[in-house]
Amino acid sequence: MNFLKAKQSYSRAALVQNLMGNWLCKSLQNTGREEFERVFEFGCGQGEFTQKLQKIIRFKSYVKNDILDYGEDLDVQIFDMNAIATHPLSRQKFDLIASNASLQWLSSDAIFPPLAKMLAQNGLLLLSSFLEDNFKEIRQSTGFGLDYLSFQALKNKLEKHFEILHLEEQKIPLRFESALELFRYLKLSGVNSLGFYPLTKAFLREFERRFQNRLTHHIVLILCQKSKNL
């Protein structure tokens, strides 16, 4: 991953992730709930979403996780969320579990079952991620990309473990002045971790011809409740 390299530029460049965080907060506010005794946020990064969320809720305990150590917050527990099932936190209960724009890096099959057990009665799961058409222009031009889920596949996985309160997908196209600016945007936001590809003049010209310097973000907003069957 290149997020550590992009730590100084991420908050300025990650425009869509910022919007996703705002929409998650709005979705939570629409529930009318603002008091949560224990909160767990995974994939917190440098705390951009943490700050948004903490402004709209009241809590007694706020536990944060990330796989990377940015060296700025001693309260962040550093571990791979794919191993949450064997982590001591998996035996604790939380009233709110949240994450913005990190689920796509994880195995939903590995984390959904333990997260369902970690939710307290009436606990909420608040997540955002990306779906199958995310960065489709990059995949079509370079062959690189994450194995994103489709909307229906994600819905099916969620329904096995949670009661879905709100599930919404959106496509956000960004346009750039040039193909080079588009790839610079990816670098500044840290997501050029999808793979290396030589940005030759011929490649950039062909990218501009095929995609008109457009980059598609395919996002999903998730609000679930602990299933009554668990």
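Which residue in β7 does L126 stand opposite? In this predicted model, the residue facing L126 is L223.

Let's begin with the strands. One example to look up on your screen is K171, whose bridge partner in β7 is H218. Strand β7 itself spans residues 214-226 and is mostly covered, with 13 of its 13 residues buried.

Now turn to the packing. The largest nonpolar core holds 37 residues, and L126 returns here: together with L53 and L96, L126 touches the most other members. Take L96 as a guide. Beyond its neighbours within four places in sequence, L96 is in contact with L28, F36, R38, V39, F40, L53, I57, L124 and L126. Apart from this core lies another, of 27 residues, and its members include F40, F112, A116 and V220.

Finally, have a look at E41, which sits in strand β1 (residues 35-41). Is E41 buried or exposed? E41 is buried, yet no salt bridge accompanies it: the nearest side chain of opposite charge belongs to K64, 6.8 Å away. What the side chain of E41 does have is a polar contact with the side chain of T50, at 2.6 Å. Not counting residues up to four places away in sequence, E41 touches F49, T50, Y62, V63, K64, N65 and A98.

Note on methods: Residues are numbered from 1 along each chain as its sequence is written. This is a predicted model: local features need pLDDT of at least 70, side-chain atom pairs count only at pLDDT 80 or more; totals for chains, interfaces and linings use all residues. Side-chain values use heavy atoms; hydrogens and water are left out. A nonpolar core is a set of buried Ala, Val, Leu, Ile, Met, Phe, Trp, Tyr and Cys residues joined through side-chain atoms within 4.5 Å. Buried means under 20% relative accessible area, exposed over 50%, partly exposed in between (1.4 Å probe, protein chains only). Contact means heavy atoms within 4.5 Å. Helices (H or I, at least four residues) and strands (E, at least two) are DSSP runs, numbered from the N terminus. Lys and Arg count as positive and Asp and Glu as negative; His and the chain ends are not counted. A salt bridge is a side-chain nitrogen of Lys or Arg within 4 Å of a carboxyl oxygen of Asp or Glu. A polar contact is a pair of N or O atoms within 3.5 Å; within protein, one must be able to donate a hydrogen and the other to accept it, and residues adjacent in sequence count only if both atoms are side-chain atoms. Two strands pair if DSSP finds at least two bridges between them.
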